[in-house]
Amino acid sequence: MAVRGFPYTGLKDFLGALEQAGELRRVTVPVDPTLEISEVVTRTVAAKGPALLFERPTRGEMPVAINLFGSKRRMAMALGVESVDEIGARIGELIRPELPVGWSGIREGLGKVMQLKSVPPKKVKTAPCQQVIYRDGDVDLGRLPGLQTWPDDGGIFHNYGLTHTKHPETGKRNLGLYRLQQHSPTTLGMHWQIHKDSTAHHAVAERRGERLPVAIAFGCDPVVSYSASAPLPSDIDEYLFAGFLRGERVEMVDCLTVPLQVPAHAQVVLEGYVEPGERLPEGPFGDHTGFYTPVEPFPVFHVECMTTQRDPVYHSIVTSKPPQEDGPIGHATERIFLPLLKLLIPDIVDYSMPEAGVFHNCVIVSIRKRYPKHAQKVMSSIWGAHLLSLAKLIVVVDDDCDVHDYNEVAFRAFSNVDYDHDLLLTQGPVDHLDHASYQQFWGGKAGVDATRKLPTEGYTRGWPPEAVMSPEVKALVDKRWKEYGIS
């Protein structure tokens, strides 16, 4: 069911919809972007509170919009649906079952969805994001109320800048979401992790000895902002995906100084380049893992031009130990991409990535078990599935287990496992931000087979039936419940 007023023209339109729905609070007193905003937001998220608009930050020249996606309701509103499951259902209906299985099948399936909707981005000649232009000596990142979210952060960070690059040889565009450390009034540290597409673009540019043009947009249409975080295959355009989600083409405009396009209705755009071979120390930063990431050398973005709307609004996010605003974002990704994951791994009935596992640390999967070591086959398939390759723990349960009921999952995992037979240990890539691995970028992984065991797997004792009440008695008690006078 579509949400009234969707698709939103831009961030301000979305803020208006949130306020009308009672999902936005304006903070009218001065609040410091150094630590104070972070503490206010963290408490608001813990209390399941509203989106916030800090109208008078004590640093910078524009209000700060934050916690926009911090509940399932607001995340659904951002994507124009009553529930994010509706989007997964739309994708599932459009994917033909005869498409080839495998990663190529996902690409073809997602490409098919996009072609059916005919929603490529639309180029426009003039745009609100270029109403105010700063160049040369007028460029000053201090105009942005960037946040220092934790006491030991390396300084000011911009946490929701949508980074645009192009592959230097193929011209393929990438839209990514990376943290940006402010080094000076005109330079930012680019936290391009090893597994990210922008890292690949930069590596090609460096090999060719060329600068890499970069454009960063803040305060975009919420669908575009979400799409920047979506784990799409590298050959699927994020703006095509955003157009599918919106049901309408995204308007784009040429940058003024670099050969890139950005959303026409962004609030702020930074244009510039990354110099080949240049690195500066970046970090520490209190990331979504809940721990500080260490100081490491990362590329440097030189800002040559800044454009804004009149009276712009700055969009950011606070990351840390769950719960935080990125929880509902991750949940939306989980639900939206379920049909595509099932296309890649047809064995899967459902899956869940618990927020407490910061999504890549644990994946719970249910299957209809059909043959010996079926669970282990699914584990291997997941570890070969794009960014799910970073998963550290996979728990496989039977299809009668609700993967979103963590008490039930824990019951199965604690009671159905003989760790001499049902624990698979291996090694593989882990997230760049993972602090527990003894070596950076790779480490140990575990798969837990919590399914019922088969005689063909060597289990000869006869698997016991679970003790459950008969439907007749349950129906009787339902009928007579008020007679008992218990509640």
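1. In this predicted model, the area buried between domain 1 and domain 2 amounts to about 3,000 Å², with carbon and sulfur atoms giving 71% of that area. The two domains span residues 11–115 and 121–315 respectively, and a further domain 3 covers 345–472. Between the C-alpha centres of domain 1 and domain 2 the distance is 18 Å. In terms of contacts, 36 residues of domain 1 meet 36 residues of domain 2.

2. Polar interactions across this interface comprise 10 residue pairs in polar contact, both residues being at pLDDT 80 or more. The side of domain 1 that touches domain 2 draws two or more residues from each of helix H1 (11–20), helix H2 (36–46), strand S3 (64–66), helix H3 (72–78), helix H4 (85–94) and helix H5 (103–117). Of these elements, H5 gives the most, with seven residues. By class, that side of domain 1 consists of 26 nonpolar, five polar and five charged residues.

3. One salt bridge is found across the interface of domain 1 and domain 2. Glu61 and Arg143 form a salt bridge in which the closest N and O atoms are 3.3 Å apart.

4. The structure as a whole holds 31 salt bridges. Among them is the pair Arg335 and Asp85, with an N to O distance of 4.0 Å. This pair connects distant parts of the chain, since Arg335 lies in helix H9 (residues 326–336) and Asp85 in helix H4, 250 residues apart. Arg335 counts as buried because its relative accessibility is 8%, whereas Asp85, at 38%, is partly exposed.

5. Arg26 and Glu19 also meet through their side chains in a salt bridge, at 2.9 Å from N to O. Arg26 has 43% relative accessibility and therefore counts as partly exposed; Glu19, at 35%, is likewise partly exposed.

6. In helix H13 (residues 471–484), Glu483 and Arg480 are three residues apart and so are separated by about one helical turn. Their side chains meet in a salt bridge of 3.0 Å, N to O. Glu483 counts as exposed, at 54% relative accessibility, while Arg480 is partly exposed at 35%. Elsewhere, salt bridges with shared partners join Asp398, Asp400, Glu408, Arg412 and Arg452 into one network.

7. Helix H11 (residues 374–382) has His374, Ala375, Gln376, Val378, Met379 and Ile382 as its buried residues. The elements covering these buried residues include strand S21 (348–352), strand S22 (362–367), strand S23 (393–398), strand S24 (423–429) and strand S25 (442–449).

How values were computed: Residues are numbered from 1 along each chain as its sequence is written. This is a predicted model: local features need pLDDT of at least 70, side-chain atom pairs count only at pLDDT 80 or more; totals for chains, interfaces and linings use all residues. Side-chain values use heavy atoms; hydrogens and water are left out. Domain bounds come from an automatic or database domain assignment. Contact means heavy atoms within 4.5 Å. Buried area is the accessible area (1.4 Å probe) that two parts lose on being put together, summed over both. A polar contact is a pair of N or O atoms within 3.5 Å; within protein, one must be able to donate a hydrogen and the other to accept it, and residues adjacent in sequence count only if both atoms are side-chain atoms. Helices (H or I, at least four residues) and strands (E, at least two) are DSSP runs, numbered from the N terminus. Ala, Val, Leu, Ile, Met, Phe, Trp, Tyr, Cys and Pro count as nonpolar, Asp, Glu, Lys and Arg as charged, and the others, Gly among them, as polar. Buried means under 20% relative accessible area, exposed over 50%, partly exposed in between (1.4 Å probe, protein chains only).
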